[in-house]
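Please open the model in a viewer and keep the sequence panel beside it.

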Amino acid sequence: MAITMTEAAARHVNRSLTKRGKGLGVRLGVKTTGCSGLAYKLEYVDEAEPEDVIFEQHGVKVLVDPKSLSYIDGTELDYVREGLNEGFKFLNPRERDRCGCGESFRV
């Protein structure tokens, strides 16, 4: 079981945590929503929950709750710029389908 992060994503998270002035890392999870059923959720976190599974890469901690881990195990978190847009990209090998609007996915 592993969640990985590219150097670009780690740099972005580190810059954001520095701007915030605090933070332990980011929490990656899933929520039920959209056409395909699941959507990624990502938020900055200041402290770990007792049940969190913690992954660390490039000096950045990624915290995942055990329920979400079954859907996102093996995911790589990247930060990309495409034209005028920039943001996090989730490269999930378990993802089988994605809705047309790109909001949700199915495993």
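In which sense do β1 and strand β6 pair, and over how many bridges? Select β1 and β6 (residues 76–82): the two strands pair in the parallel sense, over two bridges. Within this pairing, T4 has E76 of β6 as its bridge partner. Strands here are DSSP runs of E with at least two residues, helices are runs of H or I with at least four, and both are numbered from the N terminus. Two strands are said to pair if DSSP finds at least two bridges between them.

The model is predicted, so local features need pLDDT of at least 70 and side-chain atom pairs count only at pLDDT 80 or more, whereas totals for chains, interfaces and linings use all residues. Residues are numbered from 1 along each chain as its sequence is written, and side-chain values use heavy atoms, with hydrogens and water left out.

**The sheet**

Strands of a sheet pair through backbone hydrogen bonds, either parallel or antiparallel. β6 and β7 pair in the antiparallel sense over seven bridges, and E82 stands opposite N85 in β7. Now centre on the turn: β6 and β7 form a hairpin with two residues between them, and G83 in the turn has a positive phi of about 65 degrees.

**The helix across the sheet**

Colour the buried residues of α1: A9, A10, H12, V13, S16 and L17. Seen down the helix axis, the buried residues fall within an arc of 160 degrees, so they line one face of α1; the arc is that of the directions from the axis to the C-beta atoms. On the face turned away from the buried side are the exposed residues E7, T18 and K19. Buried means under 20% relative accessible area, exposed over 50%, and partly exposed in between (1.4 Å probe, protein chains only). After α1 comes G21, with a positive phi near 85 degrees.

**The aromatic pairs**

Show the aromatic side chains. Rings of Phe, Tyr and Trp (its six-membered ring) pair if their centres lie within 6.5 Å; planes under 30 degrees apart count as stacked, over 60 as edge-to-face and the rest as tilted. The count comes to two aromatic pairs. Y40 and F90 are stacked, at 4.3 Å centre to centre with 15 degrees between the planes. This pair links distant parts of the chain, with Y40 in strand β3 (residues 37–45) and F90 in strand β7 (residues 85–91), 50 residues apart. Y40 is buried at 14% relative accessibility, and F90 is buried at 18%.

Move to Y79 and F88, whose ring centres are 5.1 Å apart and whose planes stand at 75 degrees, so the pair is edge-to-face. Y79 is buried at 13% relative accessible area, while F88 is partly exposed at 25%.
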